[in-house]
Amino acid sequence: MSLFTPRANTLGRLALLALLAAPIVAVLFALLYARTPFYTNQAFPIQQPVQFDHRHHVADDGIDCRYCHDTVMTSWTAGFPPTERCMGCHSQIWNESPLLDVVRRSYFQGWPIRWKRVHRLPDFVYFDHSIHVNKGIGCLSCHGRVDQMPNLEQAAPLSMGWCIKCHREPNSQLRPMAEITNLRWTPPDDPSAFEALAKLYDLHPRTSCTTCHR
Amino acid sequence: MSHPSDMPEHFDAELAPEEDPGGFTRRSFLQGLAASAGVAGLASCARPPAEQILPYTVRPPELRPGDALHFATSHAIGGWSMGLLVESHEGRPTKIEGNPQHPASLGASGVLEQLLVMQLYDPNRAREFRLGKDATSRHKFLSSLADRAKELERTGGDGLRLLIEPDASPMLAQMRARVLQRFPRARLHVFDPLGFDFAAQASRIAFGRVLEPVYQVSRADVIVCLDSDLLNQGPLSLRYAREFADRRVPQTGMNRLYVAEPTFTPTGTLADHRLPCRASRIGALAAGLVSQLGDITALSQLKLPVLPLDEEENRWCRAVAQDLASHPGRSLVVAGPRQPVEVQLLAIALNAALNNSGSTVALYELASDSPLQFEGLGPLVQAIESGAVDTLVIAATNPAFSAPADFELAAALPKVKNSLYLGYYQDETAALCQWFAPAAHLLESWGDTRGPDDSVALTQPLIAPLFDGLSEVELLAGLIGQAGGNSYQLLRDFWSATVQSQDFEREWRRWLSAGLVPGTAANPVEARFDWTSVQMLLSAWNPRKPEGGMEVIFAQDRKVYDGRFGNVAIAQELPEPITKVTWGNPALLSPALADRLGLRDGEVVELHCRGRTVEGPVRRVPGQADNCVVLQLGYGHRAAAMEIAKGIGFDAYRLRTSQAPGFDIGLRLRHTGRFEELALGQREFEVHDRPLVFSLTEDELRKGPKDLEKQRGPLPELYPPAEYPGHRWAMSIDLSRCTGCSACVLGCQTENNIPVVGRALVLRSRIMHWLRIDRYYLGPQERPETINQPMACQHCGYAPCEYVCPVNATVHSDEGVNEQVYNRCVGTRYCSNNCPYKVRRFNFLAYTGNKTPLEQMAMNPDVTVRARGVMEKCSYCIQRIERARIEARRQGKEIAPGAVVTACQQACPTQAIVFGDLSKPEEKVTQLRGDPRNYEVLHEQGTRPRTNYLARIKNPNPQLA
């Protein structure tokens, strides 16, 4: 009796095939994995030390993004609101809510609230909010429907490919300056409107490495 | 670890170690290693820990998060004011520039200014107050000081002495006066190892009072420097350098510079005629000039001793004298500070006789303390020896290290019963004093400074004292029982009492914003030159005849100053502007002398002078006068707490006596047979007939020199040339202006977070500077001409580095900038090998990996901190270009001409470096492209560099040519 049954041949061939396919599968897996939210950190709501709800502040109260993120038009950082900004309203309303203990303590003791960063770019990336916003890229393009997030999460992959795609073809993301922070704005169907905007903003998106890496 | 139970018992016993060594066995270690590797792999699946954001609770109104703020302040190293502009990122000073509004800076900064930030973040700086051997707190220290002061007050301050640095600060002057008020029997002593009072003495003889000269270099057609580094050392040198350089443009009436000096200085490198001349011969030269100018009646009154000159000196004197005589009122004679009173007097007399007073020389009367007002260190040491000093308060920088050797201050200090030292480091002096207080850094303290023309600048802190240090004012306030008063309050009170303004608050803010107190500048005074008393002194002049031995010259170091910057690593690693030595201070001698003595570079010799001995390596400097040795002061620290400076170089102070602080005769060298390799920033100083640098006269330039013209212009193209439709960034470097002072190198280093590698790696040519200054000697070794050539990435149009990078880590931008992408770089170093300019730098080690949090504070947040294994190089300060672009584009504008200033350009005192956009005809860099002096280095290689050079133009005297 021979040691190998006829099935062994098939098994052997399959094994060889698997051996050949393994590197390809591995590469494919890596490529796919890099595109999953798990790798890009998307869709992971992050719990903050204060239960701050963008849904309430943005959708219900209708506060403009720039009320808190006040340097978004002028600086590379959008600006994280100092505690005094919170207290501007919350010294009047909800001023005894236990939910805001942390905020009050920060304000009166002078220690910062330790927020957790949601949108993290690597240290070698020099992103500038002001130039994007001033050239008609709205908050929505990168941050998504913040008005629908109980806990803020990263909406876009923030990968270099994603950045570059828009730097090459930015028109579809343009919006009029009046709608720049409007998360519910619906873009017009007419592509010529975008072209007009690009002309208005005198758009020259750059793709040189040093645009972002210095 | 258990063994299988069926194993024979003896087997187990045989294998078992006699004693359990404890910890791991090899097997369990390997098991653990495998397990942790596995777990580490798993860790990559987990989310990275969330980064924190800590916003302000109350944001300062002037602050826009993310944008740097600039604050005006000033320093007074050496006594006089220098205006600074400090960049601050969210309360953290990172970079120092010059204050464009300040008359001494005009926007430029020197080497010392650039070092200040790094000194602030020195991890070795002193942190603890000390009473006796016990560490204490600032509060306890000040209360003990107050107690001690009360005791002293009872005796009127008998036995109280203060040792301070000369400082023209009005507030300090007032505080010192108040100290003397409370303690009428106390005495102040002034000590500055690099200060000489010869000029002040000469002024007192010539004018009857101490007047401070300020030169109007821009008005001078003929400048004679007698052992003076006019353009590089001294409180106004940045301004002088700018004024001088602005007159080095051909066809616009160039000035002419004569320099007689013992060894090359940055000023000497720009000289039209340079005479190597021992420091002790300068007097004879000055006398020669006076006698050649005997036709001028005023000078013919002076009867000078006959000092023989050799033929060359004679010829030089004749030519210079004729040139001076034909430019009355438009010439300038400057004697270096270490030259004796007689030479200073001759310089003053020459300026007076040539009608330069009032035109190129402005004299200012000092409002209060003149350099001669206080006693020096000598009387203090005598008093200590006689037991007259009970309490000594030292606020001068490290006198035990820098005092003249014959004072034996280090031996005397322990004899003082109560000694207090306010020091920045636990240095040599700290070890000898009972009480110690850490000094606040300049960037941590309030104060004021004053220029020679009495104009006042304010000093404001950029950061609260990191280690609770005291400033000198606060220490003195403690002495007069105002320990609670901080320096801010003291300064404000002083100035509000001084100006008596209705609206002081508004003026105060305006001063702080400008860094200057307007209206404080005095007018120059008219002074009558007293020929009789000058003649009286000069007739008794008996210059020392050369005895046996060589001349030794003590020189101020251009990097560590008097030694106070010795512990700043970037200072140690900066190639010395002339010798290119890093990490050390070899004894400098002429090649001829070295050959006679059979000395190679780096050979260690014993230097004997007047019974004192030090040991150090030698280095030959072409163009140095024969038979003299130049020693740079401020090296060879011995204090253990100064980890960087300790043991670097040798201490030339130990050879320097109070009788001859400038230069002395009687030095002898002895071979030791040992050898110490010098860590050089540049190893080749010859051009080997290659067209790298050009030195021409105006006439030669007019004729159109063929070899220069060959180095520019279009080259054949095989492919259609690349299009650059937008900005075209470019640089132009003027070799006529560059003094080689190296401020740009440090400006670049602090701006771009360039690491320091240390002596061992400099020896392996792994220095990291993106910008270096190449120096080439042209002509014979004894009388060479030398040219400084700043060399950084040339941003070639056809860049050799780009062709060979296998991973596209170095690429060309659409604006012609050669970009280095750190994250793509895998470290093949092909680019560096293929770069004909050798300007690429590789991170062989993780230079930035182990920085302490304190050192990390110095990092510029706008530039990536590079890791090990990547290549880096000059980026044309791309972060500044992008910042300017975003500023402009945000407002819908184009980048305005002049909006981008690179770090090197900003620091440069002479504006030798010009940066801009070639697409704009109004940019200076574009206009300079059409200059007949314009050329490209290695043009024949076809690299099409974006950095071009302007050939040096000299203005020689036809008589000496």
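## Exercises on a predicted model

**Exercise 1.** For chain A of this predicted model, state how many positive and negative side chains there are and how far apart the centres of the two sets lie.

*Solution.* Counting the charged side chains of chain A gives 21 positive and 18 negative ones.

**Exercise 2.** Describe the secondary structure of chain A and decide whether the chain is a compact globule or more spread out than one.

*Solution.* Begin with the elements, which come to 10 helices and 1 strand in chain A. Read from the N terminus on, they follow the order α-α-α-α-α-α-β-α-α-α-α. For 214 residues the globule rule gives 17 Å, whereas the radius of gyration of chain A is 24 Å, well over that value, so the chain is more spread out than a compact globule. Along the principal axes, the C-alpha atoms of chain A fill a box of roughly 90 × 50 × 35 Å.

**Exercise 3.** How many residues of helix 3 in chain B are buried, and which are they?

*Solution.* Helix 3 of chain B spans residues 111-120 and is mostly covered, since 9 of its 10 residues are buried. The buried residues are V111(B), L112(B), E113(B), Q114(B), L115(B), L116(B), V117(B), Q119(B) and L120(B).

How values were computed
Residues are numbered from 1 along each chain as its sequence is written. Chains are lettered from A and ligands numbered from 1 in the order in which they are written. This is a predicted model: local features need pLDDT of at least 70, side-chain atom pairs count only at pLDDT 80 or more; totals for chains, interfaces and linings use all residues. Side-chain values use heavy atoms; hydrogens and water are left out. Buried means under 20% relative accessible area, exposed over 50%, partly exposed in between (1.4 Å probe, protein chains only). Helices (H or I, at least four residues) and strands (E, at least two) are DSSP runs, numbered from the N terminus. The radius of gyration is taken over C-alpha atoms; the globule rule is 2.2 Å times the number of residues to the power 0.38. Lys and Arg count as positive and Asp and Glu as negative; His and the chain ends are not counted. The place of a charge is taken as NZ of Lys, CZ of Arg, CG of Asp or CD of Glu.
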